[in-house]
Amino acid sequence: MTLELATIKQDLENWVANYLDVPSMFYNGSKPCPFAKKAWVNNKVNVVLGTKPEVVAAIDEWDDKFDLTIVVYDHTEWQSNEWVKKHNPTIVDDDLYLMSFDPDEFGPDDPNLDPHNWGSVTDEVYGMVFVQRLSKLIKYSDNLASSGYYQNVSEDFMAYVNGRNLICAEEAKQRASVE
């Protein structure tokens with residue numbers, strides 16, 4: 001499989017415009033990611049191709065001119081979930097957090113997340129690692145929770161969110177106690 005950056009960027013742009021920015025009953029009438037389109041349109045998203053070295057470079061060379069760096073990778077070469085879980089505790093002092101999106105055979109919980117519906121421009125299946133500020137992730141997640149955003153999501157997804165937010169909150173407290 002050969003991923004092409006221009007095609008991946010177009011695919012992500014379609015995903016943002018036609019899925020992440022469209023209100024869904026799965027998210028209690030909210031958009032799947034109400035922050036994605038603004039970040040995309042304002043050029044606050046950096047997209048690169050790679051695997052571990054590119055994720056590490058995104059961390060080491062973090063630039064706040066971006067809200068998010070997405071490292072897109074060939075899922076046949078790397079599965080990032082376990083690596084991300086192990087690496088997150090090592091970057092808490094940098095106020096950064098990684099989220100992994102490994103493709104799986106089970107498909108998405110949200111029935112609207114069908115690539116044909118949002119206009120995918122590639123048949124390639126790829127994974128992504130999102131690199132972003134931990135403090136912003138906590139802030140945005142708290143805002144979503146207070147709006148009822150998580151009301152209709154699956155138990156598995158909610159367990160993931162609660163676990164992530166608990167870990168993020170603990171990491172933020174540790175960081176604050178050091179400062």
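W83 is buried, since its relative accessibility is 18% and the cut-off for burial is under 20%. This is a predicted model. W78 is buried too, with a relative accessible area of 8%. W78 and W83 form an edge-to-face aromatic pair. Their ring centres are 5.6 Å apart, and the angle between the planes is 70°.

Y73 joins them: ring pairs link Y73, W78 and W83 into a cluster. The count of aromatic pairs comes to five. Another of them is formed by Y149 and Y150. Those ring centres lie 4.9 Å apart with the planes at 85°, so this pair is also edge-to-face. Y149 and Y150 are both buried.

## The sheet

Four strands make an open sheet. Their order is β1-β2-β4-β3, and the pairing is mixed. β1 and β3 are the edge strands, each pairing on one side only. Neighbouring strands are turned by 20° against each other on average, direction ignored.

Which strands run parallel, and which antiparallel? β1 and β2 run parallel and are joined by five bridges. N46 has T69 of β2 as its bridge partner. β2 and β4 run antiparallel, with seven bridges between them. Here Y73 has G127 of β4 as its bridge partner.

## A covered strand

β2 spans residues 68-74. Seven of its seven residues are buried. L68, I70, V72 and D74 point one way from the strand. T69, V71 and Y73 point the other way. Both sets are buried.

G50 sits in the loop between β1 and α3. Its relative accessibility is 17%, so G50 counts as buried. Leaving out residues up to four places away in sequence, G50 touches V71, V72 and Y73. G50 and V72 are 22 residues apart in sequence, yet their C-alpha atoms are 6.1 Å apart in space.

## Helices across the sheet

α1 lies across β1, β2 and β4. It runs at about 140° to β1. α6 lies across β3 and β4, and runs at about 95° to β4.

α3 covers residues 52-60, and its buried residues are V55, A58 and I59. Seen down the helix axis, these fall within an arc of 100°, so they line one face of α3. An α-helix has 3.6 residues a turn, so residues three or four places apart point the same way. The face of α3 turned away from the buried side carries the exposed residues P53 and D60. What covers the buried residues? The cover includes the strands β2, β3 and β4, together with helix α4.

In soluble globular proteins, nonpolar side chains tend to be buried together. The largest nonpolar core here has 32 residues. Which residues have the most contacts inside it? They are L12, W15, V47, I70, V72 and M128. Seven elements each supply at least two residues of this core: α1, α2, β1, β2, β3, β4 and α6. α1 gives the most, with six residues.

V47 shows how this packing is built. Beyond its neighbours within four places in sequence, V47 is in contact with L5, I8, K9, L12, W40, I70 and V72.

Q132 is found in strand β4. Buried or exposed? Q132 counts as buried, at 13% relative accessibility. Setting aside residues up to four places away in sequence, Q132 touches W62, D67, L68, D95, L96, Y97, M99 and L137. One of these, L68, is itself a buried residue of β2.

Conventions:
Residues numbered from 1 in each chain as written. Predicted model: local features only at pLDDT ≥ 70, side-chain atom pairs only at ≥ 80, totals over all residues. Heavy atoms only, no water. Buried < 20%, exposed > 50% of the residue type's maximum accessible area, 1.4 Å probe, protein only. Arc of directions from axis to C-beta. Contact = heavy atoms within 4.5 Å. Core = buried A, V, L, I, M, F, W, Y, C linked by side-chain atoms within 4.5 Å. Pairing = 2+ DSSP bridges. Axes fitted to C-alpha atoms, helices over the stretch in contact; angles between N-to-C directions. Phe/Tyr/Trp six-rings, centres within 6.5 Å; stacked < 30°, edge-to-face > 60°.
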